Amino acid sequence: MKQLAARLLAGVGVLWGAATLTFVAIHFSAGDPVLAILGGPDAIPTPQQLAQVREEYGFDQPLWVQYGRYVGRIAHGDFGESYRLRIPVTEAIGKQIGATLQLALSAALLAIGLALASAVLTAKRNPWVRRVASASELVLSSSPSFVLGILLLLVFSFQWPVLPPAGSNGWQTLILPTIALALPIAGMLSQVLRQELEDILEQPFIAMARARGLSQTAVRLRHALRHALVPLVTLSGFIFASLLGGAVVTEMLFARQGIGRMMLDAAVAKDAPVVLGITLLAALVYVGVNLLVDVLNGLIDPRVKPR
Amino acid sequence: MSTLVDVQDLRVQFGHTPIIKGISFSLTAGECLALVGESGSGKTVTSRTLSGLSGAGSKVQAERLAFAGTDLRQLDDRAWQALRGAQIGFVMQDALGSLDPLRPVGKEIAEPLRLHTELGRAARQARVIELLRSVGVPQPELRALQYPHQLSGGLRQRALIASAIAAGPRLLIADEPTTALDATVQAQVLALLESLRSQAMAMLVVSHDLAVVSRLADRVAVMHHGVIVEQGPVEAILHDPQHPYTQSLLRAGRAVHFQRPARAAPKLARVERFDLPLIEARHLQKTFIGPDGQPHVAVHNASFSLRAGETLGIVGESGSGKTTLTRMLLGLERPDAGDVWLNGRPWSALNDQQRRQLRQRIQVVFQDPQSSFDPRYTVARVLNEALQVAGLPRQDWPARTLELLELVRLDASVLSRRPLELSGGQRQRIAIARALAPNPQVLVCDEPVSALDVSVQAQILALLADLKTRLKLACLFISHDLGVINQVSERVLVMKDGEVVESGTVRDVFDHPQHAYTRALLDAIPQIDRPAPVPEHHFITYAIAI
């Protein structure tokens, strides 16, 4: 119980750190937020307008006062209003999050599924199968999503137009971005999983299970896989981070709705509340994922004490 | 009686290296054959070949290789799977490693039932409880739900045996079933295997220890370098061995295993004794918080002193507190109460920095020399590193290195080799040489021979006894094996559950044990000539905090 409290406190610390860093980054980057509020770089506001907005949003206050107000508002769950869209940040995120969740979930499922299949099927099998699998994983895990995305577009939308190149309505538009987002993650995961599986298949209890009459495949599925899940769960944080980072690129490339694209637009337009809101949301999910990792590892491995 | 296992001219090779070089044996129903040999003799490969698990990259050839009339050479994967666990039960070495750490033991035991019987889930459950009870596991309903790490070594071995006999096999193969178990637990597991034998199941027991198998087997086959050098009825092998290798194996076994009432230990040459103890422990006390949150007393009020040229044996089973005591002596663990004095000065009370300057005076040799070496270092580098730490000027290293090798009786040719290229005995000699490099006054030996074959054990023990006299070392010898303690020490300390239950000269303690536990330990030593009495239904479970 005490440990749980400590972890929650640490989580709050992480959120505060993320909020502060974002605040600093936005403050010191080029461009004037007031211009963003008044309609972006093309707007030609009068000095009166500028002064008025400055006062309204508190930009005339010393930095530490701005920071204090900002943290205070966040602590109360108020993330402010988007400069550009003129709606509360929570509402703006709410509108976009569905599409990103859809993409992230389907990509995560595909990546984990591919990684598990490739690891289970190729670990300690025929050396040639193994070599081919591990070479393709290496290529995939080092290919950025946008390169894969462009290749997929070229082949499946332009050469053979079987799938739509852009948009975010309907399952057809989900396929190509999902693949582009999932493949690098799958490549990385299956490298880790295969290594883990091969270590486990060397363990004496595997030989013992074989001596009870289990087949090669049954031993993998009934004994070894559960052990391999431990690093997979531990890597959830990495998976989440890759999905988020990949989502920005993928959503742009396939012209999809979503948080990633919104984040990029907001950053370009210096729409500080939106950038802050998304950053904090990501940090929150990250903290949550890592708490969940501990719980799951405790469930998978009885030797791990719940922390 | 019909022949169950028929092996003629079996050859197994890995790559181009022959491991089994043409062996023949047979086994009839209800019979027990023991396969005895030292490590590398091929006994484990032989036993695994019988269940089709000789390993990746192995090539098996035989004139005949049959089980119950089935030609094993013709079997495909599916046929092997139908045989394994159903007809041939296998108890592999190392009960902790052989049980899946992420599954309750009950599930492991149910596995052959699921694969090879028509029993439903509930019936399997009931059968698992029954099996656990039949192998002498108390509270079987509770144990079936527990994980391997929650069971003591003895219970794990029993659970593993239960999983091997679950589907009622006609042949049970047990590979080193009692190795790594404490003496009293070892006796119980042997008794269990003996009771299973009477149930008309053939048994193949693989062991490096003649004493262990002599209790169990009808016949013994002695293996050496992939060949069976001698086989016959157990009495004949024990009392009238023909082959020189069998004879040397028996001699080594006798030398290590304690025999009563004959006094085994050769009286060591008297050495000059100094009045001042080199190391002294005063009322040492250490308590840990166990996994259940309860304080667990690891060492309670332990005191002793040790002078130059003297050896004190500390004996106890796992969980008795001997490791914690050793760690306190080495200054790796701070005692909760009491203190350790080294060479007439406080030792345990020092802080790490002060202690580091005196560390050279007390050195240690561990059980497993392989894992205490960096595998990429050559022997020369291992020793040089020790000499560097000892502060010896670089130009003196070569001479001192040769001197150290001479002390442990190794040739200079080992200097260019790496740990993996050495035999177990050679590795332990290098570990001793490394410990001697800084000219220590106190040498702590923590189970230094437990991982070695018996013939090698005897050599290392003789070496240690000799070094102690020559270098006037004060020696602390920690072991679970009373036979070993008897050979090297003058005085002995018996520990149980953190308490020193008995101490005195080896002669007094061995000939007139006062404490019931010491007597139990003495009785539990496997004897080559005499079966040890086994305390029936006397289960000792240990709370081991790992």
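1. A salt bridge is a side-chain nitrogen of Lys or Arg within 4 Å of a carboxyl oxygen of Asp or Glu. In this predicted model, B:E111 and A:R212 form such a pair, with their closest N and O atoms 3.1 Å apart. The rule finds two salt bridges across the interface of chain A and chain B.

2. Before going further, a word on confidence. Chain A has a mean pLDDT of 84, and 96% of its residues reach 70 or more. Within chain A, helix α9 (residues 204–211) has the highest confidence, at 91, while helix α2 (residues 33–37) has the lowest, at a mean of 71. Where pLDDT is low, the predicted coordinates should not be read in detail.

3. Next, the extent of the interface. Chain A contributes 21 residues to the contact and chain B contributes 28 residues. Together the two chains bury about 2200 Å², and carbon and sulfur atoms give 58% of that area. On the side of chain A, the residues that lose the most area to chain B are A:M208, A:A211 and A:R212, which together account for 30% of what that side buries. A:R212 is also the residue that forms the salt bridge with B:E111.

4. Polar contacts also link the chains: 10 residue pairs are counted between chain A and chain B, with both residues at pLDDT 80 or more. As for where the side of chain A comes from, α9 and α10 (216–234) of chain A each supply at least two of the residues that touch chain B. The largest share, seven residues, comes from α9(A). By class, the side of chain A that touches chain B has nine nonpolar, five polar and seven charged residues.

5. B:R103 lies in the loop between β7 (88–91) and α3 (105–116) of chain B. Is B:R103 buried or exposed? With a relative accessible area of 8%, B:R103 is buried, because buried means under 20%.

6. What does B:R103 touch, not counting residues up to four places away in sequence? The list is A:R222, A:H223, B:E108, B:E111, B:Y147 and B:P148. Two of these contacts can be described further. The side chain of B:R103 is joined to the side chain of A:H223 by a polar contact of 3.1 Å. Within chain B, the side chains of B:R103 and B:E111 make a polar contact of 2.9 Å.

7. To tie the points together, B:E111 makes a polar contact with B:R103 and a salt bridge with A:R212. B:R103, in turn, has a polar contact with A:H223.

Terms used. Residues are numbered from 1 along each chain as its sequence is written. Chains are lettered from A and ligands numbered from 1 in the order in which they are written. Side-chain values use heavy atoms; hydrogens and water are left out. pLDDT is the predictor's confidence in each residue, from 0 to 100. Helices (H or I, at least four residues) and strands (E, at least two) are DSSP runs, numbered from the N terminus. Buried means under 20% relative accessible area, exposed over 50%, partly exposed in between (1.4 Å probe, protein chains only). A polar contact is a pair of N or O atoms within 3.5 Å; within protein, one must be able to donate a hydrogen and the other to accept it, and residues adjacent in sequence count only if both atoms are side-chain atoms. Contact means heavy atoms within 4.5 Å. Buried area is the accessible area (1.4 Å probe) that two parts lose on being put together, summed over both. Ala, Val, Leu, Ile, Met, Phe, Trp, Tyr, Cys and Pro count as nonpolar, Asp, Glu, Lys and Arg as charged, and the others, Gly among them, as polar.
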